Amino acid sequence: MKVSVWKGGAEGAFREFEVPRHPSQTVLDVVTYIQRALDPTLAYRYACRVGMCGSCAMSVNGVPRWTCRTHVDKVAHNDRVEVAPLKNLPVIRDLVVDMRDFFDKWARAKGQFQPTRSKEDDFAVVKPTSPKRLLIDAGIECIGCGVCYSACEVVAWNPEYLGPAALNRAWTLVKDERDAAGLERLRAVAGDAGCHSCHSHMSCTERCPKHISPTAAIAGLKREVATAALRGDL
Ligand code: SF4
Ligand code: SF4
Ligand code: FES
């Protein structure tokens, strides 16, 4: 098959390679073949190869995906595939993007757990049946791969927007019974770059490989922010 791969930085260009097809071949297998057999300078990231780390995320035919979990059979058209770096993040080189903006936004959304107890206290018990815990059951499974962020149209035209992953993280902490940051976190996500900028396009939710719904998390944040504002707390 013919594979177009992005080479260079932001001003780079696609380069075409011929790669043999195999049964059950993934897009990550293809990129690895190119790097090992055709172009040893090709830069790309991966770690687990089994859909656990999220580091192999790339744009395949324009769509953000985990390449280790994407079979060529599913995405090849007329024996052709295009592989590019994730959109909405600066390209370092070839298929590698700079994730700093992405994780800085987690920090700006107060994505750090702030405990109410000290290490001297007993373990906190959160019952699996707790309504708050049930609300974040899916959201806490996020592994920070950046696929949703790359798919988000609002991030594309407003680079300040915190984005789906950071806001999903904030939501999981807002509903964490052990967390003490409460209003401070709601203030962090209430501004112009926060949850109200989301247009609920659902691209993040459609693309998340873990079937998480950042859109629902962001809608939850909007409700919490509105309630706090009506109470005069913000
Ligand atoms: S919400 Fe899904 S797509 Fe977004 S960073 Fe987390 S795991 Fe990746
Ligand atoms: S639902 Fe909101 S966060 Fe998700 S892709 Fe759309 S605008 Fe971005
Ligand atoms: S290499 Fe870890 S998710 Fe693909």
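How many residues surround ligand 2, and which are the closest? In this predicted model, 14 residues surround ligand 2, and the closest are C152, Y161, C198, H201 and C204. A residue is counted here if one of its heavy atoms lies within 4 Å of the molecule.

**Basis of the description**

The model is predicted, so that local features need pLDDT of at least 70 and side-chain atom pairs count only at pLDDT 80 or more, whereas totals for chains, interfaces and linings use all residues. Residues are numbered from 1 along each chain as its sequence is written, chains are lettered from A and ligands numbered from 1 in the order in which they are written, and side-chain values use heavy atoms, with hydrogens and water left out.

**The two ligand sites**

The space taken by ligand 2 is the second largest cavity. A cavity is a set of points, on a 1 Å grid over the protein atoms alone, where a 1.4 Å probe fits but cannot get out. The shell around ligand 2 draws at least two residues from each of α6 (153-157), α9 (203-207) and α10. Helices are DSSP runs (H or I, at least four residues) numbered from the N terminus. By residue class, the shell of ligand 2 holds eight nonpolar, five polar and one charged. In this scheme Ala, Val, Leu, Ile, Met, Phe, Trp, Tyr, Cys and Pro count as nonpolar, Asp, Glu, Lys and Arg as charged, and the others, Gly among them, as polar.

Ligand 1 sits in the largest cavity, a placement that requires more than half of its atoms to lie within 2 Å of the grid points. Around ligand 1 are C142, I143, G144, C145, G146, V147, C148, A165, C208 and P209. Its shell comprises eight nonpolar, two polar and no charged residues.

Two packed helices are described by the angle between their axes and the distance between the axes. The axes are lines fitted to C-alpha atoms over the stretch in contact, and angles run from 0 to 180 degrees between N-to-C directions.

| Helix pair | Axes come within | Crossing angle |
|---|---|---|
| α7 (residues 164-174) and α10 (residues 214-230) | 8 Å | roughly 55° |
| α7 and α8 (residues 182-190) | 10 Å | roughly 160° |
| α8 and α10 | 10 Å | roughly 110° |

Angles under 35 degrees count as roughly parallel, over 145 as roughly antiparallel, 65 to 115 as roughly perpendicular and the rest as oblique. Helices α7 and α10 are therefore oblique to each other, α7 and α8 are roughly antiparallel, and α8 and α10 are roughly perpendicular. The crossing of α7 and α10 is left-handed, meaning that the near helix is turned anticlockwise from the far one by less than a right angle.

Key: On a 1 Å grid over the protein atoms alone, a cavity is a set of points where a 1.4 Å probe fits but cannot get out, and a pocket is an open set with protein on both sides within 12 Å along at least five of seven lines; lining residues have an atom within 4 Å of a point.
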